[in-house]
Amino acid sequence: MVRSKATVVASCIALVALVLSGGVGRTAGAATVEEIALMNRADRQKILVEGAKKEGKISWYTTLIVDQVVRPVKEAFEKEYPFLQVEFFRGNAERLVQKMFAEYQAKRYDVDIIDGTVSPTMVRRANLLQRFYSPVFADYPAELKDSQGYWGSTNLYFFATGYNTNMVKANEVPKTYEDLLNPRWKGQMMWSTSRGSGAPIMIGTILNTMGAEAGKAYLQKLKAQNIAKSTASNRQILDLTIAGEYPLALHIFNHHAYISKSAGAPVDWQPHEPVTATIQTIALAKNTPHPHAAMLLLDFVMSEKGQKVFQQANYLPSHPKVPAKQADLKPGGGRFKRAYYIDPDVQYDKGNEWVEYFNNVFMK
Amino acid sequence: MAKHPSTQAYDFSLKSAGARATRNAAALGAALHFDVVTCVMIAVLLVTGYLVLPPLYSVVQTSLFTTRLTGEIDQFTLQYYRNLLSELRVLGPLLNTLYFSLGASLLATLLGGSVAWIVTRTDAPLRGLGYFTAFASFGTPFILYTIGWLLLLGKAGPINSWLKAWLDQSGPVINVYSLLGMIFIESLLWSPFVFLMLAAAFRSMDPSLEEASAVCGARLWQTMRRVSLRLMLPAFFSVVLLIFIRSFESFEIPALVGLPGDIRVLTTSIYLDAQKLPPQYGNAGAFSVLLMFIVAATLYLYFRITREGDRFHTVTGKGYRPTVIHLGRWRYLAASGLFLYSVVLLVLPFLIILWASLLPFYIQPSFEALGKFTLKNYITALHFPKITDSIKNSILLGLGSASAVMVLTLFASWLLVRTKIRGRWLLDLLTTLPLLFPGIVMGLAILRFYLLVPIPVYGTLWILWIAFVTRYIPYGIRYTHSGLLQLHKELEEASYVSGASWSGSMRRIVLPLITPSFLGGWVFIFLLSAKELSMSVLLVSPQTPVVSVAIFELWENAQVGELAAFGVIWSAILVSVAIVYYLIARRYGVQQS
């Protein structure tokens, strides 16, 4: 009895010590998560592979579409490193982050990698990201990687106006933001209320690119156009346009329109310069349980090889040297020149204002 | 005690026939099962409290504190209640909410109730259609069902273009993005719930009351109005209350159907506000706390009304199978009503979903479009990651939750109806509260709870099961409560007098007699749990995928055809399981119907 009590006390002390030392699964003499993540030396790859062999798996919290891109990436990666298994949990940004926060509060460190247009930023604000170094960072321009190494980028999203080609004649297609104010479109447009991809983002682009004064004046005129709002996703709003409910779908993903058009649907997309763009970022969790394997995956998804998987899945790769499968979906591909990249930090900090602006102006 | 002439006659006959026997039996029964009752009470309270109180605490806390980015409680605030007040001061959304909830609950009750009456009480042909329609329409994923109606009634949809041609109009005739559109779709969604509950109630009806009414010269219509329908008061109350609350706090239909037409309800701003980062659910929390007070008051009143529960007993020791009403020539009218209901509730939305699932992209119904038919969407749907695991998990969860909820609430209702323990309306309140918890707040509460307590359910199916059981207790309690109110206690007492134990009486008397309610509730919860989303998205793990989350993923990211194909497959599986269960349970149940 006494002995078992002593054992319990001893194991409690050991547990507390383990928690205080901040390392779960960390053994004396081994490199810390931070050391592994920031490692920049000639034998980096070798060390990562050796460590990853012991770890065996990676847990990836993703906002990407499993069927379209996560599975192909997983397959390609596991082919490259057959000793690793990629497990993924898919959800929208808010839920992924909440799940991770709740787990971290309970000191349950499951997640290695988290992605999203805004989720890594939220995690970073909670101080739960680990900075990392990857040799492929050198290939990326400044706006597509974090200056301190908190995130890299896998793919981009560009927004455009989608239109039903049976309902909108070629010469009527609104080419500019100004064209959307034409009385012809009053009550004929729909947009999504989604914070991450709908009306608030479009409002943000307008306010930031036109300037606050001119932007607000423009948005007041846009309000008079009676745009229908829906909580449906951008994809569904485009489908309603294909079905003929509304001739114009504002601020939809250009690759969605392209995919439907390729299938024969009466739809096309029209960019308004500068085109809003959001960045799919990817980041490393602070207490990643499989740091070596996680670094290998981060390297892979941003490498040219990994980016080709995104390309083949009809996603728009971030890597400057990897064009889109349909080249004109990216800037400089022939259909538009300028993109306005919304920095994840700006999206996080200003997002609430844009939501508020939308609620106050367009919902009243 | 008795206010209605008919029930007075009934009570009188009971007293004269066996008053003394009943009293003796009651005394004996009380002695016999006192300990059992206490045990059951403690067990039911413990289980219900364990399930309901942690999320309740969380909801109240959410409404009173700001949270930090990581979700920890930060500072006390009354801001959320102030927001709610200022929202309530604007008349428009409040009125819209009231019209919407009231309209949906009444129309659903009217629809479901009429069909239940035709199916259970008359000799109209096509009666089997009622059950099938209810199961099949309720088994269709919620989002898909709504989308189906939007496509049908949309500006460019087939119904509008047909009406346009017929009425020679230039613009669309029906505007679905309106208050009426919202009420229509919401009430269709809820009418299977009404049907299942009222069908159970109608089937257990003391024929002597109606016969007495008929003997006294009342016509069929008068008997229905003054006897039958009044006896159904507890069941009616249950359905109206439940649908009213659900509509009041729902944001799916208001968002998808109302918002495009600028119809705002109280939950619209809560929904839009919840998009802010870091997420704050205080407004949603305050809204549900307000609803809790309203519901508590309503339940207390209801409890006072049904306290003299004897008035609603329709199943007594003297036969309880209602006579079938012969409609004569009217039976064909009743049958066509049934047929129309089936077409509107099931066939139309299902056809449009099927149509969408067979096309590479959505085209309004036309002959030319037939040439584009493809099975591509079905192939995509069948390749959805872990689809077999998802289906298996969802069915397991449905079976598990429906069974657990019905058993738990049967005991809880028995305590509410049969015992005289003071304050038992609190148990009723406790079992109704989960209805009011915002799904996301409840999901987070359960997630955090099981990450903290050392019960290893996190990341398994068990945590989903616990969440589902908690979520669906309110539905179970309404089914079993209204079912038990109809059972006269003389049946149990007779059993005790004959020497049966408490458990024996429960198993051999109570359970068989409330089979219709029990089955109705079971099927409803089984189908409902297959749709649960707001908690599932937080609680699933990579190893425990469920179908509703897969459908949500498709809804957010896939084309409408892929979503439709997946939905068609899933509805077919779900409805088959529900029907098989229902048939087996009826076939091998103690009670033959």
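## Starting with burial

A residue is called buried if 20 or more other C-beta atoms lie within 10 Å of its own, exposed if 12 or fewer do, and partly exposed in between, with the C-beta atoms placed from the backbone. A:Asn226 has 13 C-beta neighbours inside 10 Å, so it counts as partly exposed.

Residues are numbered from 1 along each chain as its sequence is written, while chains are lettered from A and ligands numbered from 1 in the order in which they are written. This is a predicted model, in which local features need pLDDT of at least 70, side-chain atom pairs count only at pLDDT 80 or more, and totals for chains, interfaces and linings use all residues.

## How confident is the prediction?

The model scores ipTM 0.81 and pTM 0.85. For chain B, the mean pLDDT (the predictor's confidence in each residue, from 0 to 100) is 84, and 90% of the residues reach 70 or more. Residues 1-18 of chain B have a pLDDT below 50, and beyond near neighbours in sequence this stretch has 15 contacts in the model. Where pLDDT is low, the predicted coordinates should not be read in detail.

## Chain B as a whole

Chain B has 25 helices and two strands. Here helices (H or I, at least four residues) and strands (E, at least two) are DSSP runs, numbered from the N terminus. The radius of gyration of chain B, taken over C-alpha atoms, is 25 Å, close to the 25 Å that the globule rule (2.2 Å times the number of residues to the power 0.38) gives for 593 residues, so chain B is as compact as a globular protein of that length. The C-alpha trace of chain B spans about 75 × 65 × 50 Å along its principal axes.

Of the 593 residues in chain B, 50% are buried. Two residues are in contact if their C-beta atoms, placed from the backbone, lie within 7 Å. Among the contacts in chain B with a separation of 6 or more, 80% are between residues 24 or more positions apart.

## Where the chains meet

In this model, 48 residues of chain A are in contact with 40 residues of chain B. Helix 5 of chain A supplies the largest share of the side of chain A that touches chain B, with eight residues. By class, that side has 19 nonpolar, 14 polar and 15 charged residues. Ala, Val, Leu, Ile, Met, Phe, Trp, Tyr, Cys and Pro count as nonpolar, Asp, Glu, Lys and Arg as charged, and the others, Gly among them, as polar.

## The nonpolar core

A nonpolar core is a set of buried Ala, Val, Leu, Ile, Met, Phe, Trp, Tyr and Cys residues joined through C-beta atoms within 7 Å. The largest one has 272 residues, and those with the most contacts inside it include A:Leu297 and B:Ile446. Helix 7 (residues 179-203) of chain B gives the most to this core, with 17 residues. Leaving aside neighbours within four places in sequence, A:Leu297 is in contact with A:Ile58, A:Phe77, A:Val86 and A:Ile113.

## Some backbone details

Most residues other than glycine have a negative phi, and most peptide bonds are trans. A:Asn226, in the loop between helix 8 (212-223) and strand 7 of chain A, has a positive phi of about 55°. A:Asn314 has a positive phi of about 70°.

A cis peptide bond joins A:Glu273 and A:Pro274, with omega about -5°. In chain B, the peptide bond from B:Leu277 to B:Pro278 is cis, with omega near -10°.
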